[in-house]
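Subject: Structure handover

Hi,

Here is the structure we spoke about. My notes follow below.

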Amino acid sequence: MTLQSMTGFSRASAEHDGTAIAWELKSVNGKSVEARFRLPQGFERLEPQARQAVQKRFSRGNMQVTLTITRAAGMLVSPVVNEVLLKDLAGLAKRLQEQFGASPPTADGLLALRGVLDIPETTETEETRASLDAAVLSALDAALTGLEQARQAEGKALGDLLLGHIDTIEALTLKAEADPSREPAVIRARIAEQVALLMDAASNLDEGRLHQEAAFLATKADIREEIDRLKTHVASGRALLSGGGSIGRKLDFLAQEFNRESNTLCSKSNAAAVTAIGLELKAVVDQFREQVQNLE
């Protein structure tokens, strides 16, 4: 399955019996799929079907879905003015002005009075409406396909970027594993040196107990488990990216695991070189997690 980003844009246009149809779709990051519709008056009836079409295509992303309908000039309905009533009202307003000093009437004020201006409803049969609705939904399907393609294109780029981060995480893990400070002989020499310094500083210390504590601290500072888990997480990340689909949440959890292991590696390290590797690892994991937020 193809990876998808949650960000994208698409526009699709169509024409049906003199009516121009245009859909515009914008998608950004979101925890789930949520669509907000802007539909012309009279086309609110299509929102349930349009929402279902969006939810069928996508599982995550906040979307703005806008429909524009433009009818041909010949299809526009001309307003009808009741000129007799308008004339009577204008005369009444003039008498009120002369007798009581009322404000003079305005054209928009008179036209706003009930019964003066009438805009007839378009005569649209059920068959005509159903045909137009089908054309509008077909154009939406084309717009959704365009958005899907845009999100997939960005998803592929994100997948390549995330694989690069995983490669870097693996390289740093292997570097920490191979660091000379983790060699048993080096560890023994470092502990022996530290014990000798302590014995010189305080001759009344129990040498046997001191060696036991040193051995315990050396065991506690071992990062073998962290390295093994990082290797496992690297394999899991590659498997998820190669499988594709809606893996954003899974990769976000994996990023948290990467972060946990890199934090533990830094805290357990007793060598400056390994600590430096751990800090670099944390920086790469932060970049990985930031990019994962864009995936569906």
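Start with Glu170: at 29% relative accessibility, it counts as partly exposed (buried is under 20% relative accessible area, exposed over 50%, partly exposed in between; 1.4 Å probe, protein chains only). This is a predicted model, where local features need pLDDT of at least 70, side-chain atom pairs count only at pLDDT 80 or more, and totals for chains, interfaces and linings use all residues. Residues are numbered from 1 along each chain as its sequence is written, and side-chain values use heavy atoms, with hydrogens and water left out.

Glu170 and Arg238 form a salt bridge, 2.7 Å from N to O (a side-chain nitrogen of Lys or Arg within 4 Å of a carboxyl oxygen of Asp or Glu). Glu170 sits in helix 4 and Arg238 in helix 7 (residues 224-243), so the pair ties together parts 68 residues apart in sequence. Helices are DSSP runs of H or I, at least four residues, and strands are runs of E, at least two, numbered from the N terminus. Arg238 is partly exposed too, at 28%.

The structure holds 19 salt bridges. Another one of them joins Arg45 and Asp133, with the closest N and O atoms 2.8 Å apart. Arg45 lies in the loop between strand 3 (33-38) and helix 1 (47-57), and Asp133 in helix 4, so this pair links parts 88 residues apart in sequence. Asp133 is buried, at 12% relative accessible area. Arg45 is partly exposed, at 30%.

Within helix 7, Glu225 and Arg229 are four residues apart, about one helical turn. Their salt bridge has its closest N and O atoms 3.7 Å apart.

Best wishes
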